[in-house]
Amino acid sequence: MARYAHITGWGMAIPQKVLTNSELEKMVETSNEWIVSRTGISERRIASETESSASLAVQAALKALEVANVHPLDVDLIIVATSSPEHIFPATACIVQDQIGAKRAGAFDLSAACTGFIFALDLAAATIRSGALNTVLVIGAETLSRFVDWGDRNTCILFGDGAGAFVLQASDQPGGILSGVMRSDGSGAELLTLAAGGSKYPASQSTVQNGMHYIRMNGREVFRFATRVMTQATLEVVQKANLSLQDIQLIIPHQANQRIIETAAKNLNFPLEKIVSNIHRYGNTSTASIPIATCEAIQEGKLKAGDTVVFVGFGAGLTWGAVLAQWSGPLPAKKRVYPHRYRWFARLRSRILRLWRRLEGFFWGKNAA
Ligand code: COA
């Protein structure tokens with residue numbers, strides 16, 4: 001029997017703190033007028049000291065599970081696409097797995113910069129269609145504000161923090177994710193980087209002094225690349241699903257710059273009002289931008305069951321890709337589940353496991369080989 005991968009749940013989480021363009025005017029040599037006219041951004045959200053990529057990811061994930069009516073114990077795999085992980089390792093996805101109590105799930109992070117959410121969606125859908133897994137939680141989570149050089153006006157005006165999540169489930173009902181495109185071109189690697197902190201440039205006095213732990217970007221080159229590949233990937237993914245652009249009700253692109261979105265609309269000859277944009281309020285939240293824009297499109301009634309939608313993204317790497325889906329919504333369920341309520345149990349379980357590990361080490365550790 002044919003299997004389909006449906007998007008059955010969605011959720012988002014954003015920090016409360018808003019950073020406006022006028023506040024940025026006091027930090028670097030820029031102006032509200034320049035930022036709005038060159039990027040479309042008016043404000044962005046910035047994580048507080050107690051927030052992190054994992055904490056935002058957990059909130060978004062629980063909301064998505066609630067919408068899908070899926071219990072954390074039924075999740076088979078968690079993929080967190082992120083460019084600002086909690087640590088180099090362990091994976092942010094493992095922290096999410098522990099905090100939501102998804103004890104039967106595998107968990108890993110996916111690093112493809114802002115295209116990460118698209119790659120994760122395409123992979124999750126393929127895994128479900130193959131029959132290997134039934135339920136996958138795909139999350140995009142970022143606190144890029146931690147890696148922004150607040151003295152670099154080329155980049156600090158662009159980025160914001162947030163997280164978004166989708167639940168994907170197997171079904172024999174036709175629909176869900178119908179096609180995907182994943183592409184990369186490492187020859188453009190140096191156009192957008194966070195160079196240090198890995199094995200090539202481990203943290204040192206010199207990497208800190210040279211600002212190598214910050215995001216650096218060649219904005220003009222990235223702009224040219226982005227407008228080209230957004231058009232290409234959209235056309236490719238539509239063709240791969242044996243459809244035409246006229247069959248598409250909505251495009252939800254990565255939110256990097258309003259001018260990139262407008263150029264792509266023009267190149268595709270696609271009505272701008274059918275392309276979702278909320279960049280004015282959040283800036284570029286990297287892997288989180290597409291699921292956040294999706295949640296808001298649903299809230300505003302722009303995306304409904306049965307609609308055909310294209311998600312398209314691009315980012316450092318260089319990477320780019322698109323996913324085409326027939327929007328479905330939650331699968332019919334026999335009983336209601338409450339993922340939020342399960343969280344206290346997940347916390348208790350995590351504490352017991354940690355305590356048990358210590359006891360094991362204390363009593364039996366000395367005899368270990
Ligand atoms: N405020 C005021 N002036 C600024 C500025 C700022 N925040 N940032 C740059 N400028 C200045 C530049 O110094 C330059 O001045 P000069 O002509 O005297 O040298 C001028 O504005 C034009 O700079 P340029 O880099 O050509 O601007 P732009 O129109 O290309 O806009 C970006 C810059 C970064 C907004 C734009 O290139 C962009 O969005 N690129 C894509 C970035 C992206 O999407 N990254 C994430 C990918 S996932």
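**Cores, a loop residue and the ligand site**

Ile251 touches Thr234, Leu268, Phe270, Lys274, Ile275, Val276, Val310 and Val312, leaving aside residues up to four places away in sequence; contact here means heavy atoms within 4.5 Å. The model is predicted, so local features need pLDDT of at least 70 and side-chain atom pairs pLDDT 80 or more, while totals for chains, interfaces and linings use all residues. Residues are numbered from 1 along each chain as its sequence is written, and side-chain values use heavy atoms, with hydrogens and water left out.

Ile251 also turns up in the largest nonpolar core, which has 47 residues; together with Ile248, Val310 and Phe314, Ile251 touches the most other members. Such a core is a set of buried Ala, Val, Leu, Ile, Met, Phe, Trp, Tyr and Cys residues joined through side-chain atoms within 4.5 Å, where buried means under 20% relative accessible area, exposed over 50% and partly exposed in between (1.4 Å probe, protein chains only). At least two residues each come from α7 (219-240), α8 (258-268), β12 (308-315) and β13 (319-326). Helices (H or I, at least four residues) and strands (E, at least two) are DSSP runs, numbered from the N terminus. The biggest giver is α7, with 9 residues. A second, separate core of 40 residues includes Leu110, Tyr282, Val309 and Ala325.

Then there is Ser42, in the loop between α2 (32-39) and β3 (43-45). Ser42 is partly exposed, at 31% relative accessible area, and touches Thr20, Asn21, Val36 and His280, not counting residues up to four places away in sequence.

As for the ligand, a polar side-chain atom of Thr30 sits 2.7 Å from one of the ligand's nitrogen atoms.

How values were computed. A polar contact is a pair of N or O atoms within 3.5 Å; within protein, one must be able to donate a hydrogen and the other to accept it, and residues adjacent in sequence count only if both atoms are side-chain atoms.
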